[in-house]
Structure formats: C-alpha cells, structure tokens
Amino acid sequence: MTSNQWARIRDGVIGTFQPLLAEGLEPANGTIRLNDEHAEVTFMASGDHLDDDLLPQACRAVFGETQAGDVLMLSIAQRSGSWGGLCTARYRSRCLVLDPPAQDIDDDTVVAVQLHYYGLSSWSGERRLNEEPIIEDGKVVGWTAQLRWDAGTTVPLGDGYTLRFSSGHTVTGPYDRRTLTAPLVITIESEERRPIGEHLVRLDAVHALLAVAHKETPLASSGGVRFAHTQDVYCSLWERTMIGLGPPGDLTHEFPHLGLDNIGGIRGVASWVRLVLEDRRAVEPLVRHALSSIQTPESRILSTAAAMEYWVASNARSAPWAKRKTGEDLPSALTRHVDSAWNSWIGDSDQWVKNFWKAYLDLKHFRPNTPDPSTVHALEVSGRWLLTATLLDHCLGSPDASRHLFSKGLGSLGRNVREELWGH
C-alpha cells in the first residue's frame, strides 16, 4: 500500500492540516503535493494560523489527515502565504512521513531514522538471501529461497547516537509471483528523542561516503522513522536529497572505488561521520564534486585546494606530517602522508605538486596564462582523490584506504591523468 500512497500524494490529495505548536491550532482544509524538490502543503488559513507579519506560524512539523492516509511534514524549509479575500498558508519541507502514530508524535523529535539501499554488494556484508535449486534425477524440479532479517552491527557515534548497518527483508506479490528483497539498511539511532535533522545530518554523511565510494551515486530506495522506543515498526519516510521517488530498478553498483572492507568496516564509517561533523570544510568539496557534475574545472580546483589548506592547517600543531618544510608547496604534506602507491599512480609526484599549486594560485589571484581546462581537470581530479585518500586514512588510522585507491580502486583514472599531464 505504501507505494500507492506515495503515488497519490505526488499527484496531490486533499485533507486537513495542522501546524504542531505548543498552543495548538485548529485543523484546516487544504492539499498536499510531492515532487522531486519538496513536499508542499497549502491550506485555508484563519487569523490564528498567521503571525504578525501575515506569514504562516513558524513550526517544525505539520500534521495532516488526507485521502491517502495520515502524513507528517518534518524539517520545514519554507513558509509563505497569501491574504485578502482568501487567506492561505503554505509550508514546504524536505521530508515527509506516512501514517505516523499520533500518540507518539512530539514535534519533530524521533529516536531513529534509516535508509534502504539496493545494489551495494560490497557494502552489504554477509548475504542474507540464500537460495538453491531442488534437483531430482539430475533435473532441476524446483527452487528454494530463504530470506532472513539481521540486526547487523552497531558502533557509537558519540553524543548519544549510534550507527547501525543491518540487512532488511521484504516479501511482496501474490503467492505465484513472489518478489524477495534484501536491502542494506543504514540506521542512525539516538538514546532519547532528538530533532530529526540531527539524525539526518549523520545519515547524510554516510550517504555522502557512498557517493564518493561509487562511480554513480547510489540513491536510497526508501526510508523509515521511529518516533519512540515503544514503537514497534518504522513509518515510511521520503527525504529529498537521499531517497529516490521512483522504483529502485535494476541498477547495481559493482566495482566501486571503495568497498566497506577498504575503509575499516562500520567503524571506519563511524569515524567518517565524526569527521564530517567536526571538519566539514575539509570534506564538503569532495562530496559536492561527487554529487554534482555541473561545475567547471576551475571552480573545482579552487575548492579542493582550499579544503587541502584547511586540513593541513588544522593538523599542523598536532601531526608531524602536516608540518611543512620551508619553501615547499602545501600538497607535499599530503603526498608524504598517503601510501607510496600514490607515487606510481601519479607518475611524478614532485612535479605534480608544483603544477597543482601553481594552477591553484594562478586561478585564485587571476593571473594570466592559466592552464587549459583539460589540464586543470586532470590536476583537480587527482588532487581531489589525494585529499580523499588522506581523510580516509585518517579515519582508519592506517594507509589501507590510500593503498587500495592508488593501486586498484581508481581503475584506469590514473592512466588518464598521467596521459594528460605527462603525455604517457
């Protein structure tokens, strides 16, 4: 029923809606729609629904009873209205929950949020779907399949949060056309109720790591929310940036740059989440480049080099590797800190450092005779992976990630970079 509910909401359904405020407001008639950018509720507004500026009352959640079931808008991103002969209030949100338990709703606070992914075999751990043919007299006469849920593995994130990697399961369809699925389930849990945005920022860090690790960005096929520890099941969740509205399809992400084992398992992922929360300036350009291709090589290298500057400077007092030698260009500190496989991958590390830093400074200070875009692209993409490897090694506490990336994880990319920079 859930997929049908999402489809109906996307087309638009009518209902009654109520912003959740301490003083309480009367429900009002309106509609809700869902598109790739946001969920939007519009309803008839009375004077109590508007503030002194004639805008809808500020709130963190809006509850609705609709033709497609109950809904709860969370992480309100925008509010607007119209007034005159017909006053309306409009709220837009980046996440929406279906059929929340009314008795457990307390503003926008929850105890767990999860995402379900398909096609990530190198991140899913042990197989939970076991199948084999039934053979009689040398012929295949049937097939058996067993699908098991698994609680998975947890690791603390600090501040009362826990990261969980587990295996989900679904069985759908009529008895003669069964469909079995075993998604990878990534969950952020909290010891007590916290605003959903605090869970989502941690999930977003994991989603960003998946984007960096794969050639194509994986999108979660669905999500779920628990509002209280006493709640037995997860309510279905849609979130704008991490969950696709369409069916999961047949896309598989084979041969990623990095598998879960290459970054130290779930503990390495947890370390990455903490890094994102504490040093976002070092990580953000890497993730932005992975998620969005609509950037020029020049803008990419400027942000990548700035992230390098931040990371080296933030470690200069405590880490010997970050203490630059007199007269050397900054990326040298990173090239010394990753596995020696980098030297073979890039071809001429010392010359690369000079070329990368010169291109960055030329662009930063608007100097003439900057390299052509193809050369800038080769310098930037190699610098981006150098910084990525450095950060992942930091999360692991070893050079395993950089060794894997520069020996085989990046495939033919190194050859392409060397051909552009050195002609061989």
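## Rings, helices and a nonpolar core

In helix 9, the residues Trp385, Leu386, Ala389, Leu392, Asp393 and Leu396 meet Asp400, Ala401, Ser402, Leu405 and Phe406 of helix 10; contact here means heavy atoms within 4.5 Å. Sorted by type, the residues of this contact are eight nonpolar, one polar and two charged. For that sorting, Ala, Val, Leu, Ile, Met, Phe, Trp, Tyr, Cys and Pro count as nonpolar, Asp, Glu, Lys and Arg as charged, and the others, Gly among them, as polar. The axes of helix 9 and helix 10 come within 7 Å and cross at roughly 145° (axes are lines fitted to C-alpha atoms, for helices over the stretch in contact, with angles from 0 to 180 degrees between N-to-C directions). Helices (H or I, at least four residues) and strands (E, at least two) are DSSP runs numbered from the N terminus.

A quick word on the model: it is predicted, so local features need pLDDT of at least 70 and side-chain atom pairs pLDDT 80 or more, while totals for chains, interfaces and linings use all residues. Residues are numbered from 1 along each chain as its sequence is written, and side-chain values use heavy atoms, leaving out hydrogens and water.

Now for the rings. The structure has eight aromatic pairs, meaning rings of Phe, Tyr and Trp (its six-membered ring) with centres within 6.5 Å; planes under 30 degrees apart are stacked, over 60 edge-to-face, and the rest tilted. Here are two of the pairs:

| Pair | Centre to centre | Plane angle | Type |
|---|---|---|---|
| Phe43 and Tyr91 | 6.1 Å | 15° | stacked |
| Trp342 and Phe406 | 5.3 Å | 70° | edge-to-face |

Phe43 sits in strand 3 (residues 39-44) and Tyr91 in strand 6 (residues 88-98), so their pair ties together parts 48 residues apart in sequence. Trp342 belongs to helix 7 (residues 341-346) and Phe406 to helix 10 (residues 400-409), so this pair links parts 64 residues apart in sequence.

Buried means under 20% relative accessible area, exposed over 50%, and partly exposed in between (1.4 Å probe, protein chains only). Trp342 is buried too, at 0%, as is Phe406 at 5%.

Ring pairs also join Trp342, Trp345, Trp352, Phe356, Trp357, Tyr360 and Phe406 into a cluster. One of these, Trp352, touches residues including Met308, Trp342, Leu386 and Trp422.

Key:
Lists of a residue's contacts leave out its neighbours within four places in sequence.
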